[in-house]
Amino acid sequence: MGTTPQPAAASTAGRAALAVALLAGFYLLAAAIVLGLLGLDIALYSGLGHVSAGLLKIWALTAVVAYPVLRVVFLTRRPRGETDGGLPVTREQQPGLWARVDRIAELTGVRGPAEIRLVPDVNAGVREDTRLLGLIPGRRHLVIGAPLLIGLTEDELDSVLAHEFGHYSNRDVRLAGVTVAGRSAILHTIGTLHQRADRHQAEQAAEIAAKDARRLAKGRTASGEEAGGGVQRALAKVFTLYAKLYFRVSEAVSRRQEYAADRTAAAIAGRSATAAALRRIPALDAAQGFYLDRYATLGWDAGALPLPGQFYGGLAHLLADPKRRRELDELGLPETEADPYDSHPPIDRRIAAVEALPDDGRTTGEGGPALALLRDPELTLAALEAATLVPEAAAKQRLDWPELLRAAGLAGAHEAAGPVRRALADSGLPPTLDALLDAVDAGRGFDLAARLPRSEQPAAATGRAAREFLRPVLRTALSRTAVAALAEAGLARWEFSWSEPAELRLPGGREDELPAALDAAVTDTPDTGPLRALLAGAGLAPSVPAASADPLRK
């Protein structure tokens, strides 16, 4: 894999100057719209010589267009007091982390942050409160994702920090900082215009709905009118087109900055650590998503969460599992196509550029896990949970992992058995496993299965085809009802594992007998004997059906 040619410094400097000119043009475009409308108003007044009703209408229309341009483009600023979210950590609270950050900032040759915040995302970044499009610097804010602390070594974290601070060294392109600030300003402006357009469209849609309701109440047809985004939407489209031009021009500058920041990271943390961090971050992102979906939130519907500090911190257990770690190592880099508007080069090209640097004799893995930089990591991650989880999380019960899985399994089994129990109740039967087994023995299991939710094709089938469609439905109903009864009796459990999906366990290892017992119960001549014997052997003894006891027989 070869390296990607990078733009020459002179070419990039020219692009940066052009990008700054286009950035100024963004505001000149807005000024031209406002001044043009003002000039039109003055010209019309001069031509008429007096103020007429028609002229007032035109003035009102031009004001409707000019106001959002002035309000959004020139007057909108980042709200004072707005933060990057997450958990702020002071020097007194986390001296080790601050010392590491100060050291990397000093080695990079830039001013360090005034604030550090931990966030729950696989992300790190430095933001500066600049003025005049980045020409006047301000306070710097550093965010560090907790997954990076959990999944990276100290030297790999050094490379990430050095990369972020490297964006402010401006060793390659003096105007690069302005282009970066310009991207942020333009994105914020366009986003605000679209937000205003969405709000206007929602208000207009509500007015149209109310108007149509009145028309229908009078026996008239609906107007058929559709809500639009109004002037704000049109302005957003105009400025978006201009922004695309700016992003295409500034893309070379931004990408050169990324390569330069990677070289800064390699010079400070080492070539191997920088390449390793670039490889590991996409895998960490995938692991974080998998972990949150399969582990951290598995008990949410059951009203439970992991113990404090483990909602985010449990990722360390997943990463420590040999099988999961091997899967992550084999995951490879994400396949992405180059986006002409993306400020970052594709990750594989960045890695190739780093690995093409001269060997510095340093290896990765130095300094141990980055999480050790935190004082009392468990307590810190618990504080991050309190700062970032939704308010509903505060009411959840906190359980260790096996108990969390038990609560989730019990709630899931109860929910899965719900349709079967409702079908039994709708048939006039007790919503119990006993009643279901008796119904199956009476030859009415398929009638009950027909009451359960099915797709269109099975629901439309008749005769033998209908029974074949219903057979797996009945089998699933028996399985879910039996598992729910065992779980509610405390006889079924799920085995927790970081390597494999949770597996159902019955007393005496009888879970291996369950498939055959279910198969016997859904044949054309059903036999629930094996399933009853399994349940009795597991400690749950449903009543033995009598020949005369047929609750569904007429």
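Predicted model: local features only at pLDDT ≥ 70, side-chain atom pairs only at ≥ 80, totals over all residues.
Local features require pLDDT of at least 70 and side-chain atom pairs pLDDT 80 or more, whereas totals for chains, interfaces and linings use all residues. Residues are numbered from 1 along each chain as its sequence is written, and side-chain values use heavy atoms, without hydrogens and water.

The chain has 21 helices and 8 strands, taken as DSSP runs numbered from the N terminus (helices H or I, at least four residues; strands E, at least two). Of its 554 residues, 43% are buried; buried means under 20% relative accessible area, exposed over 50%, and partly exposed in between (1.4 Å probe, protein chains only).

The structure holds 11 aromatic pairs. Rings of Phe, Tyr and Trp (its six-membered ring) pair if their centres lie within 6.5 Å; planes under 30 degrees apart count as stacked, over 60 as edge-to-face and the rest as tilted. Y291 and W498 are stacked, because their ring centres are 6.5 Å apart and their planes lie at 25°. Y291 belongs to helix α8 (residues 271-296) and W498 to the loop between β7 (493-495) and β8 (503-505), so the pair ties together parts 207 residues apart in sequence. Y291 is buried at 0% relative accessible area, and W498 is buried at 15%.

Y295 and F496 form an edge-to-face pair, because their ring centres are 5.8 Å apart with planes at 75°. This pair also links helix α8 to the loop between β7 and β8, 201 residues apart. Y295 is buried, at 5%, but F496 is partly exposed, at 22%. F290, Y291, Y295, W401, F496 and W498 form one aromatic cluster.
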